[in-house]
Structures are given as structure tokens and as C-alpha cells.
Amino acid sequence: MNKRASCIFFAVFIPFFVVVVCLGVFFNAYRRPCRKIVERLSSEPALVFALIKAESGFCADAVSSAGAVGLMQLLPSTAKFVCEREGMEFDEARLTDQEYNVTLGCLYLKYLLRRFPVAETAVAAYNAGEGVVGEWLENENYSKDGKNLFSIPYPETRTYVKKIVKFKKIYSYFD
């Protein structure tokens, strides 16, 4: 290959290669498993995918030190609560099954969003627990109106909510 042909080849190939690699990395980092389930069960798919990204990094068999399992990192007790509420069969062994886990996670998030209509408050409850967040909302040191948290006392939950908000913005570009 002569020098001119080499230059043209690399001038076209290198940028193309860079774009393909970058898009692959980007879309892999922001993938959306179980998209049909999420879109059917959630009015805010971007919020669900943000939770999955933050909770498990899209690792279906992830298990936390607290015992939370799967893409949406559900505690078995939470999954059982959702199943009882929805009249579904609870099967702890299936919590690593993507579809089962995302179905239960979406239903739990929907429940939290009904109880806490402000998304950031519902997300805080997903992380810290609904009882704890209910107490924060009743405390004037954390909430002025009983609906919004202007201060989150748990540093982990504060950071978690900020992360979810950031990821949600990114996922909303895909919808």
C-alpha cells in the first residue's frame, strides 16, 4: 500500500473505530435490560434504569452485604412484601432472574412513589427504608412540608439520591 493510500485508510478508519468503540462503551454503560417490563410497569422508566445502574451496575446476580439481591437489589423480605401486596407467588430463588427481579422492583418503586409522591423522597425510601423516611418527613429538621426532604441525615442515602438524579437525567435522553 502506498503512503497516500495508507494516510487515507487511517484518516477514515481511526475516527470510525474511535466512534464505534465510544458508542459501544457508552451504550453498554447505559444499557436497559427488561425494557418492556419497565415500560409496562413504570411511569418513569429513566428512574428505574437509574436505580438499576446505581444498585447493581446491571449485574443480575449481585448480592449486597445486607442480603439484597439482583438487578434492583431487593431484600427477600421486601420482595415477599411486594408479592403479598400484588397477589404474586414469592420465590426467593428467582430473585436473580432479571425479569422477576425487575418486575418486583418496579412494583415496589411504584408503591413507594404512591406513598412518597416526590421522586427523590421515594428514592431515599428505596435506599434507607420507608419507615425511616417517614420519620424524616415528620421532623422539621429534615422536611418543612412533610413531602420533600431538604436534608437527608444519612450520608450514604444523600449520596445515593444525588447519584440517582444524575443517572436519571442520562437515561431520560434515551426515552
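A residue counts as buried under 20% relative accessible area, as exposed over 50%, and as partly exposed in between. Keep these cut-offs at hand during the tour of this model, which is predicted.

**Stop 1: Phe81 and Tyr111**

Select Phe81. Its relative accessible area is 30%, so Phe81 is partly exposed. Colour the helices next: Phe81 belongs to helix α4 and Tyr111 to helix α5 (residues 98-115), so the pair ties together parts 30 residues apart in sequence.

Ring pairs link Phe81, Tyr108, Tyr111 and Tyr126 into a cluster.

**Stop 2: Phe49 and Tyr171**

The structure holds 6 aromatic pairs. Another one to select is Phe49 with Tyr171, a tilted pair with 5.9 Å centre to centre and 35° between the planes. Phe49 sits in helix α3 and Tyr171 in helix α8, so this pair ties together parts that are 122 residues apart in sequence. Are these residues buried or exposed? Phe49 is buried, at a relative accessible area of 1%. Tyr171 is buried as well, at 0%.

**Stop 3: helices α6 and α8**

Show helix α6 (residues 119-128) together with helix α8 (residues 155-172); their axes come within 9 Å and cross at roughly 130°. The two helices are therefore oblique to each other. The crossing of α6 past α8 is right-handed.

To see the contact, select Glu120, Val123, Ala124, Tyr126, Asn127 and Ala128 in α6, which meet Glu156, Thr157, Tyr160, Val161, Ile164 and Val165 in α8. Sorted by class, this contact has 8 nonpolar, 2 polar and 2 charged residues.

**Stop 4: the loop between α3 and α4**

Most residues other than glycine have a negative phi. With that in mind, go to Phe58, in the loop between α3 (45-56) and α4 (76-86). Phe58 is not a glycine, yet its phi is positive, about 70°. With 9% relative accessibility, Phe58 counts as buried.

Gln73 is buried, with a relative accessible area of 10%.

Definitions and conventions
Residues are numbered from 1 along each chain as its sequence is written. This is a predicted model: local features need pLDDT of at least 70, side-chain atom pairs count only at pLDDT 80 or more; totals for chains, interfaces and linings use all residues. Side-chain values use heavy atoms; hydrogens and water are left out. Axes are lines fitted to C-alpha atoms, for helices over the stretch in contact, and angles run from 0 to 180 degrees between N-to-C directions. Helices (H or I, at least four residues) and strands (E, at least two) are DSSP runs, numbered from the N terminus. Angles under 35 degrees count as roughly parallel, over 145 as roughly antiparallel, 65 to 115 as roughly perpendicular and the rest as oblique. A crossing is left-handed if the near helix is turned anticlockwise from the far one by less than a right angle, and right-handed if clockwise. Contact means heavy atoms within 4.5 Å. Ala, Val, Leu, Ile, Met, Phe, Trp, Tyr, Cys and Pro count as nonpolar, Asp, Glu, Lys and Arg as charged, and the others, Gly among them, as polar. Buried means under 20% relative accessible area, exposed over 50%, partly exposed in between (1.4 Å probe, protein chains only). Rings of Phe, Tyr and Trp (its six-membered ring) pair if their centres lie within 6.5 Å; planes under 30 degrees apart count as stacked, over 60 as edge-to-face and the rest as tilted.
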